[in-house]
Amino acid sequence: MSEQEFYIGWKPEPPPQLAKLVRRFILTLLIAIPALALAIVYNQRGFASSTYDLGKPSTLDGTIYLHPAPFLVLAATGQQLLLVSPGKFGGEKSIETIEKKIGSGLDGKKVQATGILIYHDGKTILELEEAKLLSDQREPSAKPTPVNLGKVLLRGEITDPKCLLGTMQPAEGKPHLDCAVRCIAGGITPVLKVSNQLGDTEYYILSAVNGQSIQEALLPCVGQGVQICGTLYQHGDWLMLETTSGDIKKINKLSLNQGTMCQ
Amino acid sequence: MSVTYDSIHWAPQKKVYDKWMIGLMALYLVLFCGFQLVFFPEITPETLIIRATGTLAFLMLHIILCIGPLCRLDRRFLPLLYNRRHLGVATFLVSAIHGVFNTIQFHAFGNVNPLFSLLTSNTDFTSLQGFPFQILGLLSLIILFLMAATSHDFWLNRLSPRVWKTLHMSVYAAYAMLMMHVMLGVIQLEKSPVLIGITGLGLSLVVGLHLLSALAQLKTLRRAVPAKQAAASEAIPKDFVYACTVDDIPENCAKMLIIKNENIAIFKYDGKVSAVHNLCKHQNGPLSEGRIIDGCITCPWHGYQYLPENGQSPPPFTEKLHTYDVHIDGEKVYINPKPYPEGTSRPPAIIPNYLNPVKP
């Protein structure tokens with residue numbers, strides 16, 4: 001490097017030879033940056049086409065049930081919407097707030113509910129914001145009767161359905177693990193997502209054998225591969241797996257999708 | 001080089017540097033978001049921001065880490081080093097956007113404080129597959145913050161170049177943790193061989209350039225040890241040791257020497273030879289790779305200047321270097337490696353029969 005090419009940053013101009021190399025470096029970046037951006041984006045695994053109707057609240061008539069999970073059974077179609085609250089909280093939080101406000105319990109009662117719809121893969125969730133009591137009488141007949149489908153062994157990933165069905169992408173695996181822990185700890189009904197090699201996916205609501213919540217016991221297994229043994233019920237639109245913490249076993253996530261969905 | 005602490009000393013080349021830096025950052029963000037919306041229109045805005053800023057910050061950190069060894073291997077890359085601090089601060093800002101959006105997305109609006117959630121939601125520290133990668137991201141962000149916050153020359157002077165340099169070397173710890181953050185986080189989900197390949201290529205580039213630069217540095221250090229000479233004649237003053245020949249030092253340049261653990265730069269200029277400590281007071285830049293410009297030793301990194309006879313920056317600047325006594329016997333240059341206090345005037349050794357080189 002000659003004396004003329006010695007670089008001094010505080011001088012107005014760099015020496016021409018150095019400027020030439022820097023220009024080449026920038027030119028390389030101008031080519032590399034688009035290529036890199038394209039390569040990174042194109043090689044992602046993609047995102048589910050789930051929907052979160054943020055900013056577009058819906059108003060629906062139906063009956064609220066709190067057990068085995070908070071549901072709204074629609075009056076018009078009988079469709080069963082799992083209830084959650086805004087943020088990372090289960091439906092119970094909004095229901096308690098509304099109950100305090102109207103001075104009456106909501107379990108088993110007909111309401112006009114307002115909230116944000118979250119839907120994907122034929123499953124729908126309502127992020128409950130408001131509810132007006134339409135009748136103060138309990139309507140037990142609207143509650144779906146669970147049908148026992150027998151003992152099953154399932155392999156999948158425990159996550160929260162609110163993120164999984166719409167509010168987040170991706171809503172599974174390691175990047176979403178902490179969020180799923182927060183959602184389930186906040187009372188959102190946990191689900192087991194089970195997929196097979198063909199790409200078919202089913203979601204199983206997880207509950208304890210006595211129909212109570214199982215959130216706390218599941219937290220160490222959230223976002224990881226698990227094998228769960230339990231009794232399967234068809235509960236209206238949803239499949240529900242009753243299990244105990246002792247019947248949940250962590251497995252290598254790589255072994256997921258390699259067997260049948262259900263044994 | 002500035003005698004006062006401006007918030008930013010806007011030299012013209014810094015403006016050009018920053019314009020290109022911001023332009024290239026914007027180009028990446030626009031293209032990344034554009035490609036996302038074309039190939040994956042179902043992506044949520046939060047995920048788009050998280051992925052765009054995360055990948056950009058990681059890319060910028062790779063460029064930052066490559067600039068140092070590139071400059072050691074080929075000094076023509078020095079213009080990239082001059083304003084690297086702005087690149088570092090920009091990297092922190094992009095990383096901070098990534099971190100804040102991640103914390104809001106995954107930890108806010110829950111039943112505990114978001115930061116508490118980040119630290120406690122996953123505590124599977126014993127498993128590589130389950131390792132809490134977000135904590136690694138947080139630790140790297142803290143390091144990048146400390147570096148960005150102390151990047152100004154005010155902190156360099158307050159902390160001393162040695163402490164400042166040590167603090168800023170923690171960028172390697174941040175890089176290692178970010179690499180693990182990526183590999184144990186999003187790569188575990190995505191599993192794409194191309195993404196793994198790109199990450200591996202980045203790591204190989206950083207490690208490879210550092211190894212090559214270390215080898216080059218080792219050669220320089222070997223050359224810096226003076227050749228052994230027969231016992232000096234009585235004409236050589238006591239405590240002086242042989243350094244090199246006059247011809248070993250290029251005109252208006254220096255030769256680096258390591259003598260008795262002293263790192264010394266011997267400069268030849270205008271028929272004279274002077275010796276000063278080799279490390280610039282600014283950021284420990286290698287003065288022996290500098291030049292004599294306008295009668296001053298000029299550091300190759302940021303252009304800090306010193307007078308060769310006394311190691312002092314010309315007024316109004318106040319930086320001072322240790323100086324050394326030099327003796328010339330015929331063609332041989334001898335040096336006393338005992339340093340004088342910083343800024344001590346020492347007469348340069350005069351080259352006998354010096355012929356002023358013809359300038360082109």
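Colleague: How many of the 360 residues of chain B count as buried, as a percentage?

Modeller: In this predicted model, 37% of them do. The cut-off behind that is 20 or more other C-beta atoms within 10 Å.

Colleague: And what does the rest of the chain B picture look like in terms of helices and strands?

Modeller: Chain B has 11 helices and 10 strands. Its C-alpha atoms fill a box of roughly 80 × 40 × 40 Å along the principal axes. If you take contacts between residues at least 6 apart in sequence, 57% join residues at least 24 apart.

Colleague: Why is B:Asn261 called exposed?

Modeller: Count its neighbours: B:Asn261 has 6 C-beta neighbours inside 10 Å. Exposed means 12 or fewer, so B:Asn261 counts as exposed. The residue lies in the loop between strand E2 (254–259) and strand E3 (262–269) of chain B.

Colleague: What makes the bond from A:Gln169 to A:Pro170 cis?

Modeller: The omega angle, which is near 0 degrees. A:Pro170 is in the loop between helix H3 (161–167) and helix H4 (173–185) of chain A. Chain B has a cis bond as well, joining B:Pro315 and B:Pro316 with omega about 10 degrees. You'll find B:Pro316 in the loop between strand E7 (305–306) and strand E8 (323–329). Most peptide bonds are trans.

Colleague: Which residues touch the most other members of the largest nonpolar core?

Modeller: B:Ile266 and B:Ile335, out of 78 residues. Helix H2 (residues 45–73) of chain B gives the largest share of this core, 13 residues. Apart from it lies another core, of 59 residues, including A:Leu164 and A:Val194.

Colleague: What does B:Ile266 touch, leaving out residues up to four places away in sequence?

Modeller: Among its partners are B:Ala243, B:Ile249, B:Leu257, B:Val273, B:Val326 and B:Ile335. B:Lys255 is on the list too.

Technical notes:
Residues are numbered from 1 along each chain as its sequence is written. Chains are lettered from A and ligands numbered from 1 in the order in which they are written. This is a predicted model: local features need pLDDT of at least 70, side-chain atom pairs count only at pLDDT 80 or more; totals for chains, interfaces and linings use all residues. Helices (H or I, at least four residues) and strands (E, at least two) are DSSP runs, numbered from the N terminus. A nonpolar core is a set of buried Ala, Val, Leu, Ile, Met, Phe, Trp, Tyr and Cys residues joined through C-beta atoms within 7 Å. Two residues are in contact if their C-beta atoms, placed from the backbone, lie within 7 Å.
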